[in-house]
Structures are given as structure tokens and as C-alpha cells.
Amino acid sequence: MSLRMGRRTPTPAGPTRAAGRDTAGAHALTLDSVTRRYWRGGKDFHALEDVSMEVPQGHFLAVMGRSGSGKTTFLQCAAGLDQPTSGTVWIGDTDLSRLSEAALTRLRRDRIGFVFQSLNLVPSLTVGENTALPLLLRGMNPQDPAVRERSLKVLDAVGLADRADDSPLRLSGGQQQRVAIARALVTDPAVIFADEPTGALDPVTAREVLQLLRQAVDVSGHTVVMVTHDPQAAAWTDEAIFIEAGRIVAREERPGPETVARRLAQLGER
Ligand SMILES: Nc1ncnc2c1ncn2[C@@H]1O[C@H](COP(=O)(O)OP(=O)(O)OP(=O)(O)O)[C@@H](O)[C@H]1O
């Protein structure tokens, strides 16, 4: 699966949560009646239809469903990479639909962490520099000791502080994915979106990566939204939602691998 950049119509930057919602601040991510339509084959096609959900802070959510069900569309709309046709997405108290393109770019840079299946590390930079990249994009000076300190801290959290000066090319796939997680953590984001983060890894390495995401939730209180096909991966999360034809059709709290596999099989039968 790959993330696609969507086109947005800039609107004036403005404040935040709709009047009347009394849960401000309690949720890291809120979707309210989010619909994403495409014009396809001469008619409207709903890639996402009337999706509402709230993800509390410090929650680990798995987004599951068959191929083409709408998982990537969900992730892209939730992460501000694509604009819903209707409905609203909040990151914390910020209504994404009210942000200009520039403000949205800043929000993605400063308040959202991304971990993709493809590793997206820059081979010409060291592991430490790759980790610090979001800070440098924010305008921090690479020579600032605080940058080095912060990247070493998150690299330490993923067990790779001693590789800070290495090239990412000298790391295994699993180690590179750990660097990607460190990079996602470096800005202390409101939400980390992970798109099949273990899709390219063997089961043992996948387990290490899932353990780190779990730790980011349990130890540091981060919020993680992870798209996955894998029931074993979903079993590390607090909740799995199941998407079919653009709608959330089921949810499981504390999902076990067998329950998730059964749910997925049921989706296949519908
Ligand atoms: N730009 C687009 N134009 C038209 N249709 C689209 C576009 N992007 C996605 N779709 C359609 O929306 C539906 C949901 O796609 P999406 O990529 O969200 O599914 P997915 O669950 O992530 O699938 P996979 O697991 O195979 O990556 C699919 O039918 C897809 O063809």
C-alpha cells in the first residue's frame, strides 16, 4: 500500500473544534462523518463513507480490511494527506479543514509522525541525521546540541543510539524500520500513523517493531494508528476497526489474533 498526496483547497487558518463538542483535548484524533468520494466510471464512488470515530490519547488502533476496502483512504484523510469530500477531521483540537495548505504542512511536520512499509530513510545522511530530519525541517540548526541530544534519546528508545553515526545502508531492514520509528517519535507527535510498518519484515523483526510501537503508547503515552493486514500485528493494539466498502463495519477491543482472523474471514464472505 502506498500513501498518495491529495490536493486540497486552501481555506483560512482558524481555530479549532466545532462549537458544542465537549470532548476537546480528550482525543488525539477525531473523524466526524468523513466521506471521500471519487468520480469513477461516470459515477460517484465512495472510498470512505460517513466514518466517525474518536481515538483517545495513548491509544493503539489497528485499521483492518480487505484490499480496496478504504484503509489507505482512511489513513490519508486522518493524517491530513488527503481532503475528505465532506466531514471533519481533528488532530487534537485542530480542525484540519480550516487550515491553509502551509498550516497543514506545518501540522504534518510538527504534530504527526509517519512510519511507512517502505523505509524512506535518506541514504546520504547518517542514522542520527535521518532521525533528526523532522527537527531540521522545522528550522532547527543541525549543529544545535539539542538536535543531537533529542535524536540520541529517541534512538536510545529503539535500541540504536550506538548506530547514530552509521549509514542507514549498513542497517538491517528491521533496524531501518526502528530508525523510522525513532524519526516519527522525534517531534513528540500527537499521532503516529503507521502504514503496514511490518509488511516487509520477517515475523521476529516484525515483533520487535510492534513492541516498540506498543512501548511508544504504554511508556510515552503516544497515540498510534496502524494500517495492517496481519492479525498477529493487530493483536498488539488496543482496538481494531474493520473497514469494508469505505465503512467501519466492526470493532474489537483488545483484539486477539484468532478473533481478528475470524473477523477478516467474515468480511471475505459478505
Ligand atoms: N485516486 C483515486 N481515484 C479513484 N479511486 C480511488 C482513488 N484512490 C483510491 N480509490 C479507490 O478507493 C477504494 C479504496 O482504496 P484504498 O487504497 O483506500 O484501499 P485499501 O484498503 O488501502 O487497499 P489496499 O489494502 O489494497 O492498499 C479502492 O476501490 C480504490 O480503487
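Predicted model: local features only at pLDDT ≥ 70, side-chain atom pairs only at ≥ 80, totals over all residues.
Leu 61 stands opposite Val 225 in β8.

## The α5-α6 pair

Two packed helices are described by the angle between their axes and the distance between the axes. For helix α5 (residues 173-185) and helix α6 (residues 203-218), the angle is about 15° and the axes are 9 Å apart. Angles under 35 degrees count as roughly parallel, and α5 and α6 are therefore roughly parallel to each other. Their crossing is right-handed.

Which residues of α5 meet α6? They are Gly 173, Gly 174, Gln 177, Arg 178, Ile 181 and Leu 185. From α6 come Thr 205, Glu 208, Val 209, Leu 212, Leu 213 and Ala 216. By class, this contact has six nonpolar, four polar and two charged residues. An α-helix has 3.6 residues a turn, so residues three or four places apart point the same way.

## Helix α3 and its cover

Helix α3 spans residues 127-137. Its buried residues are Val 127, Gly 128, Asn 130, Thr 131, Ala 132, Pro 134 and Leu 135. The cover over them includes α2 (101-111), α4 (145-157) and α5.

Just after α3 comes Gly 139, with a positive phi of about 105°.

## The four-stranded sheet

A further open sheet is built from four strands in the order β2-β1-β4-β5. Its pairing is antiparallel. β2 (43-56) and β5 (94-95) stand at the edges, each with a single partner strand. One side of each is so left without a neighbour in the sheet.

Strand β1 (residues 27-40) is joined to β2 by ten bridges. One of the pairs sets Tyr 38 against Phe 45 in β2. β1 also pairs with strand β4 (residues 86-91), over five bridges and in the antiparallel sense. Here Thr 35 has Ser 86 in β4 as its bridge partner.

How many bridges pair β4 with β5? There are two, and the pairing is antiparallel. Trp 90 stands opposite Asp 95 in β5. The two strands form a hairpin with two residues between them. In the turn, Gly 92 has a positive phi of about 55°.

## The protein as a whole

The secondary structure comes to eight helices and ten strands. Of the 270 residues, 42% count as buried. Among contacts with a separation of 6 or more, 72% come from residues 24 or more positions apart.

Technical notes
Residues numbered from 1 in each chain as written. Pairing = 2+ DSSP bridges. Buried ≥ 20, exposed ≤ 12 C-beta atoms within 10 Å, placed from the backbone. Contact = placed C-beta atoms within 7 Å. Axes fitted to C-alpha atoms, helices over the stretch in contact; angles between N-to-C directions. Parallel < 35°, antiparallel > 145°, perpendicular 65-115°, else oblique. Left-handed = near helix turned anticlockwise from the far one by under 90°. Nonpolar A, V, L, I, M, F, W, Y, C, P; charged D, E, K, R; others polar.
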